[in-house]
Each structure stands twice: as C-alpha cells, then as structure tokens.
Amino acid sequence: MPAPAASAHADEPKAAAGTLAIETRGLTKSFGHATVVRDLSLAVPRGSVFGFLGPNGSGKTTTIRMLLGLASPSGGDIRMLDAPMPDAGRSVLPRVGALVEGPAFYPFLSGRANLLRFDSGDRHADPATRSRRVDAALDRVGLTAAAGKKAHAYSLGMKQRLGIANALLTPRDLLILDEPSNGLDPQGTREVRGLIRSFADEGTTVFVSSHLLAEVEQMCTHIAVMSAGNLVTQGTLDELRASGSMRVRVHTPDPGEARAVLSRLGLSPDADERPDAAVAVARPAAASATAVAYPGAASAAVASASHRDTVVTADLPATAPPPEDISRALVTAGVRVRGFSVDGASLEERFVALTGEGFDVAQ
Amino acid sequence: MPSDPSRASAPAIRTSGLGLFASEVRVLFARRRTWALLAALAAVPVLIAIAIRLSSDGDARGGGPPFLGSITQNGLFVALTGLAVSIPLFLPLTIGVVAGDTIAGEANLGTLRYLLVAPVARVRLLIVKFAVAALFCFAATLTIVLAGTAIGAALFPVGPVPLLSGDTIGVGEYALRALLLAAYVAVSLLGLSAVGLFISTLTTVPVGAMAATIVLAAVSQILGALPQLEWLHPWLFSHHWFGFADLMRQPISFGTFGDNALLQLGYIAVFGALAYGRFATKDILS
C-alpha cells in the first residue's frame, strides 16, 4: 500500500466531545492473520452526511459491524453519540437506525409484520404507537401499498426500501446506512438520496457507506475513503476536492520546454507524458506506476524525449498563477502549444488515486 | 421522522421483555413449517387409531408400544399410545428442528443482526429463544394428546380408564392425567432444547444445527440402551423419557417427575451457560 495522501490523518479526531456523532481511535479488526480494518480513526461530525467510501472489501462493512456492536474490535475504541461502544449499546443503539450489509427479513412475514417484529425487540419503543410508527416508516419509503405482501415476494429494491424503513421506526439521532441504494433503479436511487438529505435537514447525522463515488458526491458533506482496511483520507467534500485541485493539460510537441516553464511557475508537471491520440510512447513501467498512485507528487524530470505531440499535465494548486498567465508564459517561452485546458480533477480521479485501484475489486 | 425534544438523552425503557416473547411466538406460529411439524405429530395417534380400527376385529394384545392393546376397549388410550410412540423419534425430531433453528435460523436469514441492533441484548435473545422452544415442546405433546383423544373418541368406545395400579379413574380425571403426561414428556424434552439452542449458536446453517441436535437425541438413547454404560445412564437427558408410568398409578407418584425435572434443569443450566458463553461475545458476521 502506498503511503497515505497528504490529507490522510490530518483530520484526526480533535473536536470537543459532543460535536462528533461517531469517533473511533485506532480501531482495528483482525480475523486470524488477516487485518481487515487497521488503525482507523474516524471523526463523524454531528449533523453531517458522512460518506464512507471504498472499494468492495476495503473494510467498510466490518467497520459498521464494530460500530453497532455486532463484532468486537481487536483494538482501539469507539464512541458513538458520546458513549463508549459496545459497552453502552443498550442506551445508544435505540437512537441509531441501521441498514447493515443489505436488508434481511423473515420471508414468510409481510413487510409490515417484519417491521413490527423488529420494533418489538427495542424495549425503548412504545408498543402503543408501534403500529402508527411502522405505517409512517412504510409511508416514508413508499411501501404503503406493498405493506401486506409477504417479504419473499418483494423485489430487491423493495427490500432495500423496507430495510431503510426499519431504520426509521423511532426518531434517530444517527442513521448508519450500508450501501443504501444497492439494487435500486435510478429513480429509487434518487429517492434514497432525497430521503437522506431530508434526514440531514431534520438534524439526523447520516453515516452512509458506498462504493459508488458519484452517489456519495451528490449527497454527502463529509467523506472518508477506505482502501484495503486503511483510512486514506477524511474531511469535508470540499477539502477532498481541493486537495485534488485543478489540473492543467498542455498539448505540445515540445514537452521538455513546457515542463521547464511549468516548473518555473511553481507547478509540478507529472512524470508521464501521455501520447496524444493513438501515438504510443514507451515509458518505464516504474514511472507509470508512480504516476498512477500520485498524480500530483511526481518529479518534473524530463522523460525520454519524444518529438511527437504529447500532453503534459500538472496539478494546479490554489497558489498557482491563473491559467491565462500560464498559457502566456508557455507561448512567450516559445513552446508550441496545440491545446491548453484546465480541468477540475474529478472526485473519481481522486478516489482512484487514493485507493490505487478500480471499483468493485474483490480483495 | 418527527424530531424528538428528548433526543439528547438516552430514551427510557418502555416495555418489559414480553413484547419480544410475544413477537417470537407469532413468528414461530406464522411459519408453515411449525404447523407441518405439529400436523405430523397429530398424525401419529391418528394413524395408530385408524390402523387398529381397521384390524381390530382380532386381538391387538401382545407386544407393541405401551397401552396399544387397550385401545379397542377404550379410545382414551390412543393419546397415551401416540405420546409413547412419539418419544424416541418424532418428538426429538420436531424439537431438534425448532431448537436448532433458534439462533442459526436468524443468522441464516440475516435477521439476527437487525434484532441485535434493535437492540435486543444477547442474553435476552437467548432466554426468549429458549422460552419459545420450550413452549413448542408443550405445544407438541399437547397436540398429540388432543389429536389422540379426539380420534380415539371418534373411533372407539370411551369409558373409565384402568390404571397400571389396577384402579379405575373417570374421564375427568383421565383428562388431568393425560395433561400431566403431556407436561411430563414436554419437560423431558427441555434438556434437548437447551442442547439444540447451544448448537444453534455455533453455526449459521440451521439445517446443520437441527441435524446435530437430532443426532444427539439418538446418541443419548443408544448410550442409554447399553448396559455397559450404566454409570452414565442417570446423566443422559433421555434417561427419564419413558418414566411416565408413575403418573398412571393410584395414588399418583411425582417422584420420577421431580427427578426428570431436576435432570432437565441441569441440562438447561449447563447448555444455557455454554450458549451464553458462545453467543455473548460472538462476532455476528452473517
């Protein structure tokens, strides 16, 4: 695993008690010799919509199981809603709604009967209002019409909604939703996003895990990225975007000169010169691997000169000169510029850069 | 979700654990499987009665399970015969299914994690699960007695019942004795239920837990039949399974009932503790 990016561990929990809904320190979980979660220090502010992002198998669900007291940590400690977990589970968990690793129901009971069943397990839930609360939760996820159907007849999307309804049976301070839009069609996904926003508007902290960056990007205020059991970054969405910064791309047949100009302006051009279009340029494998892992941290060394048109790219930090000055500097220095563009690094590029691999990688 | 002014503090406990017990009973009896098990048990005395009725022109005396020979004289013996016939296999089979399913079945469905985060304390879940398995033991034996009495009364004459001691009791007292017998057999099965509950905490595959429980019931009976292991016999949970004869004497003797109950309590204590030890700290990964 490459060293964590600059922002990782920079946001170690330091806020005063009471401002964090979830706080873990050094949380570790091992199964035999395999460490699934390593030294995880999360800080989930109250009132945030916190995206817990990572490829499949990066330890998200195991972390959630530990938060909810289903699995005991091998090391480290957890505070949830200002109480230690799992010790204070009996007083904390009634205030936490959860969807863990997909919904699960008694297939031979109706959707409504399933919710009644789970609610009867909560000794803090008032039986007198049970029926009304269950109906309200069903209504909120749009399942009123299917409430009387047996759960085995539910589609995956309906089960997912029923699972979310189960998390809403009583007023919650914290919702922990593991992959909430899994199995939903695009419209259902949008509805879930809307629901999550409305929970946040009501002051509920929402901790939502996902391997889908686009989903997290659209609804979260904060984000933490996991990779192979390690936390690689956490902070507000804006911080993560900022750390990815803008990127400048120069299409030019004079990559060496372009690099020199960019370096003079305080930028750090990437080591790899991408061939334009389909022109293949052989590059040392090591340089390529580095570039994938650290798009912004590579040296400005000029790679083997290629006299073909290449693309020189560089991160554009906030301190960099404005793009118009960069293009003027390039032209003034005699660099032949065929194309010049400034793109915001998509969060997805940041995500891949941080996790070092694609989505849906089973580990 | 309406916001709650008291969100800052932990909510108050509003219910006893009985809500979960009631819910658990509803879940048990909402399953078709439970009704199939009870129907199979009810079929035992029904089949016995029909078989005897069809062949009862001759004399059924000589061999066979207890009370079998008396059925043609008195239909009330059908229930007792059905109970006696079901003890070695059918009852352990159904109890094995229900007790083996307790925790492993929830784990297999994935509902275990949702119960635990509801939150249901793990000890409370074990207690409620055992209580419902015990309830099923009583439902099972009662089913046999009721089905047996009904079919016996339909197919055979009903009258005062001769006891093993030679006395005769009326139908009213017979009803009491039959219920006592059902209770005796149900209590006999509580140890097995506790064993099944423990095995159920070991796995997420309910069929495995059911099979293991049923196999142990057979093993206990086989060990109980080996004279070389006589020192072991008083410790086997099946030791008093056929000790119900005391309840069919006048005056009634509760000696065996008490010994049996004590033995079963011992099993509940030991295997309940083992189940707790296993389940209280288990990582729920299903």
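Predicted model: local features only at pLDDT ≥ 70, side-chain atom pairs only at ≥ 80, totals over all residues.
1. Let's start with Leu93(B), which is partly exposed at a relative accessible area of 35%. For accessibility, buried means under 20% relative accessible area, exposed means over 50%, and partly exposed is in between (1.4 Å probe, protein chains only). Leu93(B) lies in helix H4 of chain B; helices (H or I, at least four residues) and strands (E, at least two) are DSSP runs numbered from the N terminus. Together with Leu89(B) and Phe90(B), Leu93(B) makes a nonpolar surface patch of about 250 Å². Patches are made of residues with over 30% relative accessible area and no salt bridge, with like charges joined within 9 Å and nonpolar side chains (Val, Leu, Ile, Met, Phe, Trp, Tyr) within 5 Å. Accessible areas come from the Shrake-Rupley method with a 1.4 Å probe, and for residues only the protein chains shown count as cover.

2. Residues are numbered from 1 along each chain as its sequence is written, chains are lettered from A and ligands numbered from 1 in the order in which they are written, and side-chain values use heavy atoms, with hydrogens and water left out.

3. Chain A in outline: it has twelve helices and 15 strands, and 52% of its 363 residues are buried. Its accessible surface comes to about 14,700 Å², with 54% of that belonging to carbon and sulfur atoms. Of the chain A contacts (heavy atoms within 4.5 Å) between residues at least 6 apart in sequence, 73% join residues at least 24 apart.

4. Leaving aside neighbours within four places in sequence, Phe207(A) is in contact with residues including Ile22(A), Val44(A), Phe50(A), Ile64(A) and Leu174(A).

5. Helix H10 of chain B passes a simple geometry check. Its 25 residues (255–279) should span 36 Å at 1.5 Å a residue, and the end C-alpha atoms are 35 Å apart, which agrees; the expected span is 1.5 Å times one less than the number of residues. The buried residues of H10(B) include Phe257(B), Leu263(B), Tyr267(B), Phe271(B) and Phe279(B). The buried residues of H10(B) pack against helices H4 (90–109), H5 (111–116), H6 (122–155), H7 (171–188) and H8 (190–200) of chain B.

6. On charges, the count comes to 21 salt bridges over all chains, each being a side-chain nitrogen of Lys or Arg within 4 Å of a carboxyl oxygen of Asp or Glu. Arg112(A) forms one with Asp135(A), the closest N and O atoms being 2.7 Å apart. Arg112(A) lies in helix H3 (residues 111–121) and Asp135(A) in helix H4 (residues 130–140) of chain A, so the pair ties together parts that are 23 residues apart in sequence. In another salt bridge, Arg25(A) meets Glu23(A) at 3.1 Å, N to O; Arg25(A) is partly exposed at 43%, whereas Glu23(A) is buried at 13%.

7. Which chains does the pair of Glu24(B) and Arg117(A) link? Their side chains meet in a salt bridge at 2.8 Å, N to O. The pair crosses from Glu24(B) in helix H1 (residues 18–30) of chain B to Arg117(A) in helix H3 of chain A.

8. Finally, some backbone geometry. Cis peptide bonds join Met85(A) to Pro86(A), with omega about 5°, and Ala118(B) to Pro119(B), with omega about 5°. Pro86(A) lies in the loop between strand E6 (83–85) and helix H2 (89–92) of chain A, and Pro119(B) in the loop between H5 and H6 of chain B. Leu81(A) has a positive phi near 50° and is buried, with a relative accessible area of 4%. Asp82(A) has a positive phi of about 65° without being a glycine and is partly exposed at 33%.
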